[in-house]
Amino acid sequence: MTVDIRVIRAGQMYRYYLRETVVGDGRRPARTPLRVDQEQVGVPAGRWMGGGLAVLGLTAGEEVTEAQLRNLFGERGRHPYADRIEADRLAQGESAKKAFKAGALGRRVMVTGVDFVFRQQPMIYLLWGSGGRGDSAGD
């Protein structure tokens with residue numbers, strides 16, 4: 001067995017989720033809208049879940065959007081509705097700097113995650129594929 005280890009740095013997390021996980025375990029082209037890709041591969045839309053949702057003003061079961069992932073897992077770790085919060089604060093007359101800070105959830109971090117992918121050695125697949133009756137998918 002081998003393991004691929006990938007450090008996910010600040011600003012990469014949402015790209016990682018959008019390209020690698022939200023449509024199953026495959027890569028997706030970044031140009032196609034997320035919901036379209038999910039429908040094509042038969043993966044349901046992501047939904048917000050957990051006990052901390054009320055603190056963020058989110059509702060359990062609400063669909064997770066690309067913009068929300070970008071805000072939450074982007075370089076600065078912003079509220080999923082940071083764009084709306086910032087616009088509201090600007091409309092109330094706050095400075096751009098204060099409005100931007102209102103959407104922040106915490107401090108900036110350099111590494112936001114580590115991805116471990118475990119794989120069988122390629123020889124295992126060859127042995128399985130050439131196996132006898134009942135030992136491979138072709139039988």
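Biologist: What should I know about the model and its numbering before we begin?

Modeller: This is a predicted model, in which local features need pLDDT of at least 70 and side-chain atom pairs count only at pLDDT 80 or more, while totals for chains, interfaces and linings use all residues. Residues are numbered from 1 along each chain as its sequence is written, and side-chain values use heavy atoms, with hydrogens and water left out.

Biologist: How do you know how many helices and strands the chain has?

Modeller: Helices are DSSP runs of H or I with at least four residues, strands are runs of E with at least two, and both are numbered from the N terminus. The chain has seven helices and two strands, and from the N terminus on the order is β-α-α-α-α-α-α-β-α.

Biologist: Why is isoleucine 8 called buried?

Modeller: A residue is buried under 20% relative accessible area, exposed over 50%, and partly exposed in between, using a 1.4 Å probe and protein chains only. Isoleucine 8 has a relative accessible area of 3%, and therefore it counts as buried. Of the 139 residues of the chain, 24% count as buried.

Biologist: What makes arginine 47 and glutamate 63 a salt bridge?

Modeller: The term asks for a side-chain nitrogen of Lys or Arg within 4 Å of a carboxyl oxygen of Asp or Glu. In this pair the N to O distance is 4.0 Å, and the side chains are listed as meeting in a salt bridge. Arginine 47 sits in the loop between helix H2 (34–41) and helix H3 (53–56), whereas glutamate 63 sits in the loop between H3 and H4, 16 residues apart, and the pair links distant parts of the chain. Arginine 47 has a relative accessible area of 44%, so it is partly exposed, and glutamate 63, at 30%, is therefore partly exposed as well.

Biologist: How many salt bridges does this rule give, and which residue does glutamate 86 pair with?

Modeller: The count comes to three. Glutamate 86 forms a salt bridge with arginine 78, the closest N and O atoms being 3.2 Å apart, and both of these residues are buried. Glutamate 94 and arginine 89 also meet in a salt bridge, at 3.5 Å from N to O. Glutamate 94 has 27% relative accessibility, so it counts as partly exposed, and arginine 89, with 31%, is therefore partly exposed too.

Biologist: What else does glutamate 86 touch, not counting residues up to four places away in sequence?

Modeller: Contact means heavy atoms within 4.5 Å, and glutamate 86, which is found in helix H5, touches Arg78, Ala99 and Phe100 when those sequence neighbours are not counted.

Biologist: Why are the buried residues of H2 said to line one face of the helix?

Modeller: The buried residues of H2 are Leu34, Asp37 and Gln38. The arc is that of the directions from the helix axis to the C-beta atoms. Seen down the axis of H2, the buried residues fall within an arc of 100 degrees, so they line one face of the helix. On the other side of H2, Glu39 and Gln40 are exposed, and what covers the buried residues of H2 includes H1 and H4.

Biologist: How do you know where helices H1 and H4 meet, and at what angle their axes cross?

Modeller: Axes are lines fitted to C-alpha atoms, for helices over the stretch in contact, and angles run from 0 to 180 degrees between N-to-C directions. On that basis, the axes of H1 (residues 13–21) and H4 (residues 66–73) come within 7 Å and cross at roughly 145 degrees. The contact is made by Met13, Tyr14, Tyr17 and Leu18 of H1 together with Glu66, Leu69, Arg70 and Phe73 of H4.

Biologist: What makes a set of residues a nonpolar core, and which residues form the largest one here?

Modeller: The term covers buried Ala, Val, Leu, Ile, Met, Phe, Trp, Tyr and Cys residues joined through side-chain atoms within 4.5 Å. The largest nonpolar core has ten residues, namely Tyr14, Leu18, Val22, Leu34, Trp48, Leu53, Leu58, Val64, Leu69 and Tyr81.
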